[in-house]
Amino acid sequence: MLLLLVAVLAVFLAPRFIPRGPRGELVSGTLLVTGVSPRPDATGVIDGPTVNEHAVYQRMAVNVDAWPMVGQLLSVVYSPKNPDNWKFAPPEAPEPPAG
């Protein structure tokens, strides 16, 4: 009985500790910021090789010194099967110095 209870708790609590985001094959796109806080219904629009102006919404915490602006384009990666499953693209590595 105790084992069953632990298994049930694990099923319900695991999603809280597993990071969300695209898995498997990812494609690159751009997110057009169409709204920012304090508007709770703000959305963005992703364009990429498999979608065209796909509206998305996500709450996130950002550095106040890097607050997004309406009209800003941000690089993202997303699942080609589900563009609602997206995240910011990793920063590009700087080029090594020549010489």
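The legends below describe close-up views of a predicted model. Residues carry numbers that start from 1 along each chain as its sequence is written, and side-chain values rest on heavy atoms, with hydrogens and water left out. In this predicted model, local features need pLDDT of at least 70 and side-chain atom pairs count only at pLDDT 80 or more, whereas totals for chains, interfaces and linings use all residues.

**View 1. An open sheet of 5 strands, in the order 3-2-1-4-5, with antiparallel pairing.** The edge strands are strand 3 and strand 5, each of which pairs on one side only, and neighbouring strands of the sheet are turned by 40° against each other on average, direction ignored. Such angles are taken between axes that are lines fitted to C-alpha atoms (for helices over the stretch in contact), and they run from 0 to 180 degrees between N-to-C directions. Strands are DSSP runs of E with at least two residues, numbered from the N terminus, and two of them pair if DSSP finds at least two bridges between them. Strands of a sheet pair through backbone hydrogen bonds, either parallel or antiparallel.

**View 2. Strand 4 with its partners, strand 1 and strand 5.** Strand 1, residues 27-33, is joined to strand 4 by 6 bridges, and the two run antiparallel; glycine 29 stands opposite valine 76 of strand 4, while leucine 32 stands opposite leucine 73. Strand 5, residues 82-88, pairs with strand 4 in the antiparallel sense over 4 bridges, and the two form a hairpin with 2 residues between them. Within this pairing, tyrosine 78 has tryptophan 86 in strand 5 as its bridge partner. Strand 4 is mostly covered, since 5 of its 7 residues are buried, where buried means under 20% relative accessible area, exposed over 50%, and partly exposed in between, with a 1.4 Å probe and protein chains only.

**View 3. Strand 2 with its partners, strand 1 and strand 3.** Strand 1 and strand 2 pair in the antiparallel sense over 4 bridges, and here leucine 32 stands opposite valine 45 in strand 2. Strand 2 also pairs with strand 3, again in the antiparallel sense, over 3 bridges, with valine 56 in strand 3 as the bridge partner of glycine 44.

**View 4. The loop between strand 2 and strand 3, with threonine 50 and glutamate 53.** The hairpin of these strands has 6 residues between them, and in it glutamate 53 takes a positive phi near 50°, although glutamate 53 is not a glycine. Most residues other than glycine have a negative phi. Glutamate 53 is exposed, with a relative accessible area of 58%, whereas threonine 50, at 43%, counts as partly exposed. Leaving aside residues up to four places away in sequence, threonine 50 touches Val27, Tyr78 and Pro80, a contact being heavy atoms within 4.5 Å. The C-alpha atoms of threonine 50 and lysine 81 are separated by 8.7 Å, although the two residues are 31 residues apart along the chain.

**View 5. A nonpolar patch on the surface, formed by Met60, Val62, Val64, Trp67 and Phe88.** Together these residues have about 460 Å² of accessible area, calculated by the Shrake-Rupley method with a 1.4 Å probe and only the protein chains shown as cover. A patch is made of residues with over 30% relative accessible area and no salt bridge, with nonpolar side chains (Val, Leu, Ile, Met, Phe, Trp, Tyr) joined within 5 Å and like charges within 9 Å; a salt bridge is a side-chain nitrogen of Lys or Arg within 4 Å of a carboxyl oxygen of Asp or Glu. Valine 62 lies in the loop between strand 3 and strand 4 and is partly exposed, with a relative accessible area of 31%.
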